[in-house]
Amino acid sequence: MSRPLLDVKDLDVRFGPLHAVRGVSFSVAPGETLGVVGESGSGKSTTMLAVLGLHPKRQANVAADRLEFDGEDLLSKSDGQMRDLRGRRVGLIFQDPLAALNPLMTVGKQIGEVLIRHRGLDKQSARGEAVKLLERTGVPDPMRRASQFPHQFSGGMRQRVMIAIALAGRPDLLIADEPTTALDVTVQAEIVRLIRDIQQANGMGLVWITHDLALMARVADRVMVMYAGAVVEEAPVDRLYAMPRHPYTAGLLGSIARLDQPRGKRARAIAGTPPAMDQPISGCAFAPRCPVRFDKCAAAPPLVSLDEGVRAACWRLTGEQA
Amino acid sequence: MTHPADTALPVSEAVALKVQYQTRQRNWRGQLSTTTVRAVDGIDLAIRSGEAVALVGESGCGKSTLGRALLRLEHVSEGAVHFAGSDLTGLGEPMLRPLRRNMQMVFQDPFSSLNPRMRIGETLAEPLLVHGLASKAEARARVAEILEIVGLDPAVATRHPHAFSGGQRQRIAIARAVIARPKFVVADEPISALDISVQAQILDLFEDLKERFALTYLFISHDLAVVRHIADRVAVMYLGRIVEEGSPESVFDNPLHPYTQALLAAVPSPDPVRERSRPAATLQGEPPSPAATISGCRFRGRCAHAMPICETSDPALATGGDGKQAVACFLHHEQSF
């Protein structure tokens, strides 16, 4: 395998007393889709924002043993260098396109801005290229739409505009943070197909963050499950769904309502709630909710490799059971 | 309604219901234009005692407006709304207020639906005290009882909402809705703001309350997978109209309306192998604006089976398939006529 596009080892993010990300390690290869699943507060977005250098330095304390993009160390880069990287080599799509777009600027101008800044185009050709990008992301009537403002677009169309902006710099890595959560299922299906088609055409790396395990099955090659700021399991997508190893992953998969199961086979809830992140966590963070906890769980389990690309952090899996 | 002994008498009923809004806009020349948004555009729906009816549809289809109109939280433009035999259509708020204890609502966002300055105990006791259903001492006992029923420690009555997680707050909001033993509850996306592992807990609670109090409720959701497991009957809405209605088995296993079929086909399944072999989505584009004037079938612009008749006539909701479900589509009308 070639060098990973993104390589992160032991990432920690703290906001004062709040320890949001606790020793997260992962990598993304070119052309690959890494899915990141977790509930709210699990640190999935915080991790990716830290990778992109988007946490304000005054508030967040970001530390890592290694944080490399295409072999370059990101921690030592200046804010300006990071800005260049974000517009050009790394694209970003957020959940709420209305909040991410400038309401006072036409959509064409906003896409053009990226082209002028990061690809050095002049105003004229930036405009033409912006229309081309809108067309490529499936916005009908792109010429007319380019001169419209974000409020004139529906939610699904706005997300296409966001994708056009993210692709404007021809990124090698695209980070999509819940890009379809605010959309209806039918529109979601179209956006998913669009992003996957573009990825296959460009061979870019893709990190897809979502709390929706059903959607994850559609988009990811490899899935990383996060709980309370740490990775609890990582596996190729087929293996994760066929044989979840960590009790939290198994619980999550069991708790989703499914259309393809007989009625009456009810989803089972995981009892309890995730821990507060401003408190120190002793031992396994999931233990208070875990149906198979035992005395060993008073100590934090390490994330260990089990087999072919499967990692999990659970004492039940290390063969050291009481 | 003159037969109070009839057990099949609907608890809540919409009859040819329309809810419309006028929006006024000035264009850049200052000219005033009025558009009519038809949020609910002719709906008949009867919810019988003890029944859990699920209302599904995409954002903007009018499902929340319908739910609110059944409780008369919206004005009625045309048609009628009945509740337990009485006609609510023309009633003003003073006349509605005594009826409100019997019809309650649970909202999507438990972070905005609870008063942050009131203790949980005060919030829960309020419906009882407002409607004069209990003395202060009795209310305290009822609060402790309902907290236990929804799975919270009665001691939390002295705390404020900020001390609780989203799932716990939604339990409190549900407790407030059912404490006065209402006849009918509308739950508008009650689990969409919650984490997955907590969603199933709240669904369990709804099931439990339905059994315990013989609760009748309308469950509004965009999530078809969730609805399938809790509903006795499912209604699918598109652009202000119910396009298909029936038991979960018939609607989910044998959807007749092309919109229901497309909607179901778009729901992802947590199974990577199945997802890889999934056919490409059949539904293109987006629903037209509810302010647009549409002739004929409102779905025809996105429908793969549109026929000439769909341009000229608006299909009514009629029994289709094997008689177990109702569908508003000409493809299925010929069979039953």
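**Notebook: chains A and B**

I started where the chains meet: 37 residues of chain A are in contact with 35 residues of chain B (contact means C-beta atoms, placed from the backbone, within 7 Å). Seven residues of chain A's side come from H8(A), the largest share. Helices H8 (185–202), H9 (213–219), H10 (237–242) and H11 (247–255) of chain A each supply at least two residues; helices are DSSP runs of H or I with at least four residues, strands are runs of E with at least two, and both are numbered from the N terminus. By class, I noted 17 nonpolar, nine polar and 11 charged residues on this side of chain A (Ala, Val, Leu, Ile, Met, Phe, Trp, Tyr, Cys and Pro count as nonpolar, Asp, Glu, Lys and Arg as charged, the others, Gly among them, as polar).

A reminder to myself: this is a predicted model, where local features need pLDDT of at least 70, side-chain atom pairs count only at pLDDT 80 or more, and totals for chains, interfaces and linings use all residues. Residues are numbered from 1 along each chain as its sequence is written, while chains are lettered from A and ligands numbered from 1 in the order in which they are written.

Next I checked confidence. Chain A averages a pLDDT of 90, and 97% of the residues score at least 70 (pLDDT is the predictor's confidence in each residue, from 0 to 100). Within chain A, helix H3 (residues 97–100) is lowest at a mean of 81, and strand S11 (residues 230–236) is highest at 97.

Then I went back to H11(A). Is it enclosed or open? Seven of its nine residues are buried, so H11(A) is largely enclosed by the rest of the structure (buried means 20 or more other C-beta atoms within 10 Å of the residue's own, exposed 12 or fewer, partly exposed in between, with C-beta atoms placed from the backbone). Among the buried ones are A:Tyr248, A:Thr249 and A:Leu252. They pack against H9, strand S10 (222–227), S11 and H10 of chain A, together with helix H6 (196–213) of chain B.

Last, chain B: I found 12 helices and 12 strands, and 46% of its 337 residues are buried.

Key. Contact = placed C-beta atoms within 7 Å.
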